Amino acid sequence: MFSTLRSAIGISATLIFCSAVYVGARIPAAPQEPEAVVVKMTTEHKFMPEKITIKAGQTVEWVNDDKEMPHEVTTDPNLAADPNNVSIPEGAQPFDSRLITNGKSFRHAFTVPGVYRYACPPHENDGMLGQVTVTK
Ligand SMILES: [Cu+2]
């Protein structure tokens, strides 16, 4: 009698434990994206802040805060309106975000130290230029 009750309790406890584990497993894990330094793309056609300094290995996230205009981030001289507006350190690869619409963002992880000058090609003439300095 007692042993039957005890095993019934044991089974219930096991069931509760297992369902708890099951529910826990179904909760989606937080995305494993690295923390990023945020640069906003504004209605005034500026990068804010315009110049930042980060450490090698850090990620920058450009967020379009402008409800009216898509913006872009490029270090590629072939895509910039004026190739002299962009530059990257030796050994680094140029990158380009394509057009980023309102509320969307673009991330880039910087591994090679140096100075990166980038531009938003549609608004280069408005002075929409920015700079990332990557230290070791
Ligand atoms: Cu722009």
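**Exercise 1. What percentage of the 136 residues in the chain do buried residues make up?**

Solution. The structure is a predicted model, in which local features need pLDDT of at least 70 and side-chain atom pairs count only at pLDDT 80 or more, while totals for chains, interfaces and linings use all residues. Residues are numbered from 1 along each chain as its sequence is written. Step 1: apply the criterion, under which a residue is buried if 20 or more other C-beta atoms lie within 10 Å of its own, exposed if 12 or fewer, and partly exposed in between, with C-beta atoms placed from the backbone. Step 2: the buried share of the 136 residues is 23%.

**Exercise 2. State the secondary-structure content and its order along the sequence.**

Solution. Step 1: take helices (H or I, at least four residues) and strands (E, at least two) as DSSP runs, numbered from the N terminus. Step 2: the chain then contains one helix and seven strands. Step 3: their order along the sequence is α-β-β-β-β-β-β-β.

**Exercise 3. Trace the strand pairings that involve β4.**

Solution. Step 1: count two strands as paired if DSSP finds at least two bridges between them. Step 2: β4 (residues 59-64) runs parallel to β1 (residues 36-41), with six bridges joining them; within this pair, K40 has V63 as its bridge partner. Step 3: β4 also pairs with β5 (residues 105-109), here in the antiparallel sense and over five bridges. In β5, F106 stands opposite W62.

**Exercise 4. Locate the largest nonpolar core and examine W62.**

Solution. Step 1: define a nonpolar core as a set of buried Ala, Val, Leu, Ile, Met, Phe, Trp, Tyr and Cys residues joined through C-beta atoms within 7 Å. Step 2: the largest such core has 20 residues, and W62 and A119 have the most contacts inside it. Step 3: β1, β4, β6 and β7 each give two or more residues to this core. Step 4: taking contact as C-beta atoms, placed from the backbone, within 7 Å, and not counting residues up to four places away in sequence, W62 touches V39, M41, V73, S97, I100, S105 and F106.

Notes: Two residues are in contact if their C-beta atoms, placed from the backbone, lie within 7 Å.
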